[in-house]
Amino acid sequence: MPSPTSAPAPAVADLAPASAPDLGPAPGLRRRTVSAARLVVIGGGLSYRALFNWTTPPMFIGTLLVGPLLQLLFFVFLGRQLQVADDRFYLLGNAVVSASTACVYGGTMAIANERRYGTLGAVLLSPRNRAPLWFGRALPYVLNGLVISVFTLTVACLLLGLRIPLGALPGLAAVLLAAAAGCSAFGLALGALGLRFRDVFLISNVASSGLLLLTGANVPRESLPEWMRAVGDVLPMTHAAAAARELSAGGGLDGRGIAAELLTGAGYVLLAVVLLTWFERGSRRRATLDVM
């Protein structure tokens, strides 16, 4: 028998911890969103520092700033000699396409250099979602390309007397940003080929030259054959170059040009996802992830 002084045994319900309030799926969704954002921003910044080969100041200035500027001057003076188009045509076209130096090669390096440096296997073993992992790597090159385009356009105004209405500057900034985003997606799709091809930079060199010829940056598109115009329609920067020239001439911002540029970039994003998934599965099956 229990003694008279013994305390009564606690009920089972008293021993159970208080249940936490039901907050629904919001906290889990919030944590996943924050985690994906960290992967995009921080992971993209780390990959930019590790994989982009022009992060030292002399190489950055010489390759990404001076190179596009010399290209702009070359085509301006060549256009004057041949009398194909006026200075505005070449200045705006090259200001837009100058972002391709960082976006095409940067997007390629963001994936191909993982294989080149032997770290691709460790990246693909990560359980994280592939979409933010790869898209985060393209984000720094969007900003990098925008900086190059703004620099080239500023120097063009100072050296060659290009005049742009002040009211056109916000629209022009939106056009340059859309062009850099679309071109970065294009570079990411080219970089996906680095999971299969040994020398993907040969493809990048050809693609970069194709942008100079087929987007209307330096050759009027109406003078190109029909098949070249058709190819240019699905390349990044084609619609952005036309929109930039229209804005600088005093025309209003045509949302169709930016929409077409963003739609083109979205198409290359989808292509990059499909290629990355396909090549990753094939490389796993054949055990050739890091084979050069």
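Why is helix H11 (residues 238-248) largely enclosed by the rest of the structure? Eight of the eleven residues of H11 are buried, so the rest of the structure largely encloses this helix. Here, buried means under 20% relative accessible area, exposed means over 50%, and partly exposed lies in between, with a 1.4 Å probe and protein chains only. This is a predicted model, in which local features need pLDDT of at least 70 and side-chain atom pairs count only at pLDDT 80 or more, while totals for chains, interfaces and linings use all residues. Residues are numbered from 1 along each chain as its sequence is written, and side-chain values use heavy atoms, with hydrogens and water left out.

**The overall picture**

- The protein has twelve helices and zero strands; helices (H or I, at least four residues) and strands (E, at least two) are DSSP runs, numbered from the N terminus.
- Of the 292 residues of the protein, 45% count as buried.
- Contact means heavy atoms within 4.5 Å. Among contacts in the protein with a separation of 6 or more, 77% come from residues 24 or more positions apart.
- The accessible surface comes to about 15200 Å², and carbon and sulfur atoms hold 69% of that area. These areas come from the Shrake-Rupley method with a 1.4 Å probe; for residues, only the protein chains shown count as cover.

**Helix H11 and its surroundings**

- The buried residues of H11 are Thr 238, Ala 240, Ala 241, Ala 243, Ala 244, Arg 245, Leu 247 and Ser 248.
- Those buried residues pack against helix H4 (87-97), helix H8 (169-192), helix H9 (200-214), helix H10 (226-233) and helix H12 (255-286).
- Met 237 sits in the loop between H10 and H11, and with 1% relative accessibility Met 237 counts as buried.
- After H11 comes Gly 250, with a positive phi near 100 degrees.

**Two helix pairs that share H12**

- The axes of H8 and H12 come within 8 Å and cross at roughly 20 degrees. Axes are lines fitted to C-alpha atoms, for helices over the stretch in contact, and angles run from 0 to 180 degrees between N-to-C directions.
- H8 and H12 are therefore roughly parallel to each other; angles under 35 degrees count as roughly parallel, over 145 as roughly antiparallel, 65 to 115 as roughly perpendicular and the rest as oblique.
- H8 and H12 make a left-handed crossing. A crossing is left-handed if the near helix is turned anticlockwise from the far one by less than a right angle, and right-handed if clockwise.
- From H8, the residues in this contact include Ala 174, Val 175, Gly 182 and Phe 186, and from H12 they include Ile 258, Glu 261, Tyr 268 and Phe 279.
- By class, the contact of H8 with H12 has 18 nonpolar, two polar and one charged residues. Ala, Val, Leu, Ile, Met, Phe, Trp, Tyr, Cys and Pro count as nonpolar, Asp, Glu, Lys and Arg as charged, and the others, Gly among them, as polar.
- For helix H7 (residues 130-160) and H12, the axes come within 11 Å and cross at roughly 120 degrees, and the two helices are therefore oblique to each other.
- H7 passes H12 in a right-handed crossing. Arg 130, Trp 134 and Phe 135 of H7 meet Val 269, Val 273, Leu 276, Glu 280 and Arg 284 of H12 in this contact.
- The residues of the H7 contact with H12 divide into five nonpolar, no polar and three charged.

**Buried residues to look up**

- Phe 52 lies in the loop between helix H2 (26-51) and helix H3 (57-82), and counts as buried at 2% relative accessibility.
- Not counting residues up to four places away in sequence, Phe 52 touches Ser 47, Leu 64, Ala 102, Gly 106, Met 109, Tyr 141 and Asn 144.
- Ile 148 belongs to H7 and is buried at 0% relative accessibility.
- Leaving aside neighbours within four places in sequence, Ile 148 contacts Leu 64, Leu 65, Pro 68, Ser 98 and Ala 102.

- Most residues other than glycine have a negative phi.
- Gln 83 has a positive phi near 55 degrees; this residue lies in the loop between H3 and H4 and is exposed, with a relative accessible area of 70%.
- Met 237 also has a positive phi, near 80 degrees.
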